[in-house]
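Good morning, and thank you for the time. I would ask everyone to look at the sequence and the structure together as I go through them.

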Amino acid sequence: MKTGLHAWDVDLTQAAPLQRHLAQQLIFQPLQRPIRRVAGVDVSYAQDSDLLVAGVMVLDAESLNVLEEATWVGQTAIPYVPGFLSFREVPALLEALKQLKTQPDLIVCDGQGIAHPRRLGVASHLGLWTQIPSIGCAKSPLIRCPMPGPERGDRAAILHRGEQVGYTLRTRTGVKPVYVSPGHLITQDEACDWVLKLAPKWRLPETTRQADRRVGELMKEVKAQRGG
């Protein structure tokens with residue numbers, strides 16, 4: 001993994017310029033190697049404290065069976081501010097990723113890639129730190145997005161300031177779409193195709209479903225141990 005990208009004790013008044021600077025380092029290119037292991041990452045927060053749980057679930061890219069998991073329990077020092085989620089989540093996700101025995105070939109984040117006002121959502125930020133191809137697959141948009149057709153696989157280009165930054169993608173017929181954008185080291189079309197492949201049954205990709213389930217379970221366990 002790449003280290004020393006920047007310090008994490010960033011005042012949020014400095015965060016926007018830093019995002020714009022980091023966004024200039026992003027690379028969008030076809031995947032350079034076969035994808036055999038795909039990781040889903042997610043973070044769960046306690047409502048009544050600064051406790052957080054970060055998790056990564058590595059799945060076989062073909063069978064979608066879980067191959068490995070890693071978690072990290074800690075605290076967040078940064079409040080939730082829309083558009084700056086990565087400063088809150090990426091440090092914890094990096095700690096969880098460090099514990100993996102094998103490196104994933106692709107990371108799918110429950111958040112934005114470049115479909116972000118300053119082109120640096122959590123997937124892009126995490127992709128820069130790890131130098132692993134990354135995808136943002138969000139449940140809700142940060143910028144204005146069009147609706148795709150009603151059938152599974154229908155997609156509509158997301159435009160922001162005259163530039164295409166991703167797709168609104170229908171993963172299940174008649175169900176709300178997801179918002180897909182590349183994070184780093186992958187193209188927009190590849191990102192969309194991979195999310196569809198990873199979501200054979202449900203609205204969200206299996207990577208996200210598994211990561212969300214695991215961090216939710218662990219949060220309950222940790223709160224029970226602490227008497228919360």
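**Arg209 and its surroundings**

Let me begin with Arg209, which, neighbours within four places in sequence left aside, is in contact with Trp202 and Leu204. Please keep in mind that what you see is a predicted model. Arg209 belongs to helix α5, residues 206-225. Is Arg209 buried, exposed or partly exposed? Its relative accessibility is 34%, so Arg209 counts as partly exposed. For a sense of distance, the C-alpha atoms of Arg209 and Leu142 are separated by 21 Å, and these two residues are 67 residues apart along the chain.

**Helix α1**

I now turn to helix α1, which covers residues 12-23. This helix has 12 residues, and from its first C-alpha to its last it reaches 17 Å, close to the 16 Å expected at 1.5 Å a residue. Which residues of α1 are buried? They are Ala15, Ala16, Leu18, Gln19, Leu22 and Ala23.

**The aromatic cluster**

The next topic is the aromatic rings. How many aromatic pairs are there? The count comes to two aromatic pairs. One of them joins Trp8 and Phe87 in an edge-to-face arrangement, with 6.2 Å centre to centre and 75° between the planes. Trp8 lies in the segment before α1 and Phe87 in helix α2, so this pair ties together parts that are 79 residues apart in sequence. Trp8 has 22% relative accessibility and therefore counts as partly exposed. Phe87, by contrast, is buried, with a relative accessible area of 3%.

Trp8 also pairs with Trp129, and here the rings are stacked, 5.3 Å centre to centre with 20° between the planes. This pair again links distant parts of the chain, since Trp8 is in the segment before α1 and Trp129 is in helix α3, 121 residues apart. Trp129 counts as buried because its relative accessibility is 8%. Taken together, Trp8, Phe87 and Trp129 form one aromatic cluster.

Two arginine residues also sit over rings. Arg88 lies over the face of Tyr45, 4.1 Å from the ring centre. Arg155 has its charged end over the ring of Tyr167, at 5.5 Å from the centre.

In soluble globular proteins, nonpolar side chains tend to be buried together. In this model, the largest nonpolar core has 43 residues, and those with the most contacts inside it are Val41, Val56, Phe87, Leu93, Ile107, Cys109 and Leu126. Which element supplies the largest share? That is α2, with seven residues.

Ile107 shows what such a position looks like in detail. Neighbours within four places in sequence aside, Ile107 is in contact with Ala39, Val41, Leu97, Leu126, Thr130, Ile132, Pro133, Ser134 and Ile135. There is also a second, separate core of 24 residues, which includes Leu31, Val38, Ala61 and Leu169.

In helix α4, residues 188-197, the buried residues are Ala191, Cys192, Trp194, Val195 and Leu196. Strands contribute to the cover over them: β1, β4, β5 (134-138), β6, β7 and β8 (178-184) are included.

Two of those strands deserve a final look. Strand β6, residues 155-160, and strand β7, residues 163-169, pair in the antiparallel sense over six bridges. Their hairpin has two residues between the strands, and Arg161 takes a positive phi near 55° there. His160 lies in strand β6, and its bridge partner in β7 is Glu163. With a relative accessibility of 13%, His160 counts as buried. Apart from neighbours within four places in sequence, the contacts of His160 are His116, Pro117, Arg119, Ile143 and Val165.

That concludes the presentation, and I thank you for your attention.

How values were computed. Residues are numbered from 1 along each chain as its sequence is written. This is a predicted model: local features need pLDDT of at least 70, side-chain atom pairs count only at pLDDT 80 or more; totals for chains, interfaces and linings use all residues. Side-chain values use heavy atoms; hydrogens and water are left out. Helices (H or I, at least four residues) and strands (E, at least two) are DSSP runs, numbered from the N terminus. The expected span of a helix is 1.5 Å times one less than its number of residues. Buried means under 20% relative accessible area, exposed over 50%, partly exposed in between (1.4 Å probe, protein chains only). Rings of Phe, Tyr and Trp (its six-membered ring) pair if their centres lie within 6.5 Å; planes under 30 degrees apart count as stacked, over 60 as edge-to-face and the rest as tilted. A charge sits over a ring if NZ of Lys or CZ of Arg is within 6 Å of the ring centre and within 35 degrees of the ring normal. Two strands pair if DSSP finds at least two bridges between them. A nonpolar core is a set of buried Ala, Val, Leu, Ile, Met, Phe, Trp, Tyr and Cys residues joined through side-chain atoms within 4.5 Å. Contact means heavy atoms within 4.5 Å.
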